[in-house]
Amino acid sequence: MIVISEVGLWVLLAVGLTARYPLRRPQLGAMLLWGIPLLDVALIVAAAFDLNRGTEPGTVHGLAAIYLGASIAFGPALIRWADIRFAHRFAGGPAPVKPAKGSKARTAATWREWGRVVLAALIASAVLGLLALTVATGEQSSALLSWGGRVWSIVAIWLVLGPLWEQLTAATKTPDRQH
């Protein structure tokens, strides 16, 4: 189901934006893009049913919660990113702008991205907790909740390799000297 959700995300994104721009059917495009969150809901429902049947919690269940959190936290930004590129390519929209390395805009963007990582971790943790409380047995609950440590480890690593690294790079960047 995770693979179906991931493939479905990209298919719905491509088809939705194709309908919106080259086919000039914005309402159809919007309907297709709204299918993306429905895939996320189907993924968690499938994981809950699987656990309720007594399946031992495994990587699939932990990843389903992480996938849902990432999809909700990063989905709108991903759609905006793709929409800008489709609008530029097919509707005469402005070219995408990427902040320069070491700039304040780039540092701010990496902090916003890390904020999305924190939001994804909060959502994943809440989903894991909800599954542990509602459909899991005692042993299943412990296994599900152990994924919380992994989720927050990712947040810490992303903090160091993302915004902190970007700030360090920006702070040590020396201005070009003209001779």
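## Ground rules

This is a predicted model, where local features need pLDDT of at least 70, side-chain atom pairs count only at pLDDT 80 or more, and totals for chains, interfaces and linings use all residues. Residues are numbered from 1 along each chain as its sequence is written, and side-chain values use heavy atoms, with hydrogens and water left out.

Let's start with α1, residues 2–20. Helices here are DSSP runs (H or I, at least four residues), numbered from the N terminus. With 19 residues at 1.5 Å each, α1 should span 27 Å, and its end C-alpha atoms sit 26 Å apart, which agrees. That expected span is 1.5 Å times one less than the number of residues.

Which residues of α1 are buried? They are Ser-5, Gly-8, Leu-9, Leu-12, Leu-13, Gly-16, Leu-17 and Ala-19, where buried means under 20% relative accessible area with a 1.4 Å probe, protein chains only. Looking down the axis of α1, these buried residues fall within an arc of 150 degrees, so they line one face of the helix; the arc is taken from the directions from the helix axis to the C-beta atoms. The buried residues of α1 pack against α2 (26–52) and α3 (59–91).

## A look at Ser-5

Ser-5 lies in helix α1 and, at 1% relative accessibility, counts as buried. Setting aside neighbours within four places in sequence, Ser-5 is in contact (heavy atoms within 4.5 Å) with Leu-39, Leu-43 and Tyr-67.

## The cavity

The structure holds 1 cavity of 30 Å³ or more. A cavity is a set of points on a 1 Å grid over the protein atoms alone where a 1.4 Å probe fits but cannot get out, and lining residues have an atom within 4 Å of a point. The largest cavity holds about 30 Å³ of space, and its lining is Leu-9, Leu-13, Ile-36, Gly-75, Leu-78 and Ile-79. α1 and α3 are the elements that give two or more residues to this lining, with α3 giving the most, 3 residues.

## The pocket

A pocket, by contrast, is an open set of points with protein on both sides within 12 Å along at least five of seven lines. The largest pocket has about 740 Å³ of space. Its lining has 17 residues, and Trp-81, Pro-99, Ala-109, Glu-113 and Arg-116 lie nearest its centre. The elements giving two or more residues to the pocket lining are α3 and α4 (104–134), and α3 provides the largest share, 7 residues.

Conventions:
Buried means under 20% relative accessible area, exposed over 50%, partly exposed in between (1.4 Å probe, protein chains only). Grid points are joined across faces, edges and corners, and a volume is the space filled by probe spheres set on the points.
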